[in-house]
Amino acid sequence: MISPDVARDVVGNVISFGLFLSPVPTLWRIIKNKDVEEFKSDPYLATLLNCMLWVFYGILYVIFGSAMYASLLTIMGKVIKNKSVEYMPFFLSLVSFLNGVCWTSYALIKFDLYVTVNPQWPRCAIQPRPVRLLLQADPQEGEERKAQM
């Protein structure tokens, strides 16, 4: 018997892949005919922007989360240099530590690799390649259409 969590993940992944692969027949037809015909680009651009925003959001979830914990380490330099904890924010350090302990405990209890260690964060350094949209096959044909309008 499949657990409800596994079933939810499988169905969600299948539907998501179906959603993002659904434009392939249309794009194939455009490439094959070398013409966009009467197809509108709005749904495809909206889907692309949606995906890009989720990736951007995830990259920010990793960068700012890491910066929050690393910022406390910058104070450690001053503490070591002055040999005094006078300027170390005790409550911020304590609550950040407890927050990290809670999330790590949750991840270990649920055996959730993505909460314990985000395996995708090194991919953030990969620069996306520019996307070229096939808007028209022949530049003269595009000029003729503009002239007709």
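Lysine 78 sits over the face of tyrosine 87, at 4.9 Å from the ring centre; a charge sits over a ring if NZ of Lys or CZ of Arg is within 6 Å of the ring centre and within 35 degrees of the ring normal. This is a predicted model, where local features need pLDDT of at least 70, side-chain atom pairs count only at pLDDT 80 or more, and totals for chains, interfaces and linings use all residues. Residues are numbered from 1 along each chain as its sequence is written, and side-chain values use heavy atoms, with hydrogens and water left out.

On to the ring pairs. Rings of Phe, Tyr and Trp (its six-membered ring) pair if their centres lie within 6.5 Å; planes under 30 degrees apart count as stacked, over 60 as edge-to-face and the rest as tilted. That gives 3 aromatic pairs, including these two:

| Pair | Centre to centre | Between planes | Type |
|---|---|---|---|
| Tryptophan 54 and tyrosine 57 | 5.6 Å | 90° | edge-to-face |
| Phenylalanine 90 and phenylalanine 91 | 5.3 Å | 70° | edge-to-face |

Tryptophan 54 and tyrosine 57 are both in helix α3 (residues 42–82), 3 residues apart, or about one turn of the helix. Helices here are DSSP runs (H or I, at least four residues), as are strands (E, at least two), numbered from the N terminus.

Buried or exposed, what is phenylalanine 91? It counts as exposed, at 63% relative accessibility; buried means under 20% relative accessible area, exposed over 50%, partly exposed in between (1.4 Å probe, protein chains only). Phenylalanine 90 is exposed too, at 53%.

As for the record, an unreviewed UniProt entry lists residues 12–31, 51–75 and 87–109 under "transmembrane region"; UniProt positions are given in the numbering used here, feature names are shortened, and annotations may be inferred rather than shown by experiment. In the model, residues 87–109 are 87% helix and 0% strand, with the end C-alpha atoms 36 Å apart.
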